[in-house]
Amino acid sequence: MNAGIKTLRIDGRDVGARGDQTILQVARENGIFIPSLCYLEGLSPVGACRLCLVEVKGAARLLPSCVTRVEEGMEVTTRSERLDRYRRMILELLFSERNHICSVCVSNGHCELQGLAEKLQLTHVHFPYRYPRLPVDASHPRFVADHNRCILCTRCVRVCDEIEGAHTWDVMGRGIEARIITDLNQPWGESESCTSCGKCVHVCPTGALSEKGRSVAEMAKRRQFLPYLTMMRTQR
Amino acid sequence: MSRLRLATVWLDGCSGCHMSFLDMDERLIELARGIELVYSPLVDAKEFPEQVDVTLVEGAVGTRDDEEKLRAIRARTRVLVALGDCAVTANVPAMRNPFGPQAAMARAYQENATRNPGAPTREIPVLQARVRPLHEVVPVDVFVPGCPPSADTIHYVLQELLAGRMPDLAGRSRFGA
């Protein structure tokens, strides 16, 4: 795509970008940290988690940087007291929504939700926890889906659809009732479309999807493969 | 200079935070010069005393007994510290919340009991409907996440409080640490 070169300012720094890039991509290229959970390089951005919200001069509202294209002369602020407050609030809502019990989670120490809570200096959750009763699907011979840990980022849905081409995962229900499902809400082990490739497990930011046989803190994810697979699919 | 009146309390938790406290090892001797331990599972005081400077509370609130203790502690404590994930988030004790206390009691005393099945009817406090973190019951001054918080983290917290400062835990510990 010939999108031209744009120049803009992020946190007071002059940066150059291609016109088809998003604020988040350009920030990361320039070593400027913007927190995110649903975004993953190699997958289409969906702007779901809202952690990457930034302030753009002249815009009345905050903009999700993962789905906002750069514009000439844009002035972006990625850190402020207001943004910190909102980001912490989003994390607290995620923690209170389901049963994230870090100390007994397979992803303890490797989890992006836990890591961001530490990075954004969250020491406790102000909202009352909901404690929903959610299933753990261990019907697949190699993998487990623990809905208690799911934050509905839909990385699994997108990697399965866009990279593996199976579209085993999707989302059912709305709002607080939403849940990821395999095929037509069948047990994962009975899914006819699942190829058991494991990409969903490795892009999952939390302990919601894991490999069987992993105990507490043993589920480190490997997702270096993703940009290469995307390149293979799109630039052959 | 009078010594800091310190209490430590063990509610709905596993005592791992107290183990971590003891893991301060030889630093405890140094701390003891500035601290008077007025109440703790580690000492013999039976009643929670008045005018406590700092109380470290391990564990969540799971029974009415826990709640009554916590309210009394709050009334008699200047700086209340939620020590560890159970106090801060309700953590593992809260894993019974989606199922309710009856299911938890049945699991422990009926389904898994091979002799004399049946829940005890006296001498143990009745479980509340939900296990809660401390700050859902009383105001908390300092939150120290971690399962357990490391001895270094606890040492930092006590040193800051001894120096008359409020500890800033940002970046020093995390949930599940």
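**Reading a predicted two-chain model**

Colleague: What makes strand 1 and strand 2 of chain A a pair?

Modeller: Pairing asks for at least two bridges. These strands have 6, so they count as paired.

Colleague: Why is A:Asp11 called partly exposed?

Modeller: A residue is buried at 20 or more C-beta neighbours within 10 Å and exposed at 12 or fewer. A:Asp11 has 16 inside 10 Å, so A:Asp11 counts as partly exposed.

Colleague: Where is A:Ser196, and what is its phi?

Modeller: A:Ser196 lies in the loop between strand 9 (179-182) and helix 5 (199-203) of chain A. Its phi is near 60 degrees, a positive value in a residue other than glycine.

Colleague: Good, now a wider view. How is chain A divided?

Modeller: Into domain 1 (5-79) and domain 2 (102-224). Domain 1 of chain A puts 9 residues into the contact with domain 2 of chain A, which puts in 13. On the domain 1 side, 8 of these residues are nonpolar and 1 is polar, with no charged residues. The centres of the two domains, taken over C-alpha atoms, are separated by 26 Å.

Colleague: How many residues of chain A and chain B are in contact?

Modeller: 19 residues of chain A are in contact with 23 residues of chain B. The chain A side has 10 nonpolar, 7 polar and 2 charged residues.

Colleague: Let's move to chain B. In what order do the strands of its open sheet come?

Modeller: The sheet has 5 strands in the order 2-1-3-5-7, with parallel pairing. The average twist from one strand to the next is 25 degrees.

Colleague: What makes strand 2 and strand 7 of chain B edge strands?

Modeller: Strand 2 (35-39) and strand 7 (142-144) of chain B each pair on one side only. For strand 2 of chain B, there are 4 bridges to strand 1 (residues 4-10) of chain B. Since the cut-off is at least two bridges, these two strands therefore count as a pair. You can look for B:Leu4 opposite B:Ile35 in strand 2 of chain B.

Colleague: Which strands does helix 3 of chain B lie across?

Modeller: Helix 3 (residues 64-76) of chain B lies across strand 1, strand 3 (52-58) and strand 5 (77-83), at about 135 degrees to strand 5 of chain B. Helix 6 (residues 151-162) of chain B lies across strand 1, strand 3, strand 5 and strand 7, at about 160 degrees to strand 7 of chain B.

Colleague: One last stop: what is the omega of the peptide bond from B:Cys147 to B:Pro148?

Modeller: Omega is near -10 degrees, and the bond is cis. B:Pro148 is placed in the loop between strand 7 and helix 6 of chain B.

Conventions. Residues are numbered from 1 along each chain as its sequence is written. Chains are lettered from A and ligands numbered from 1 in the order in which they are written. This is a predicted model: local features need pLDDT of at least 70, side-chain atom pairs count only at pLDDT 80 or more; totals for chains, interfaces and linings use all residues. Domain bounds come from an automatic or database domain assignment. Two residues are in contact if their C-beta atoms, placed from the backbone, lie within 7 Å. Ala, Val, Leu, Ile, Met, Phe, Trp, Tyr, Cys and Pro count as nonpolar, Asp, Glu, Lys and Arg as charged, and the others, Gly among them, as polar. Axes are lines fitted to C-alpha atoms, for helices over the stretch in contact, and angles run from 0 to 180 degrees between N-to-C directions.
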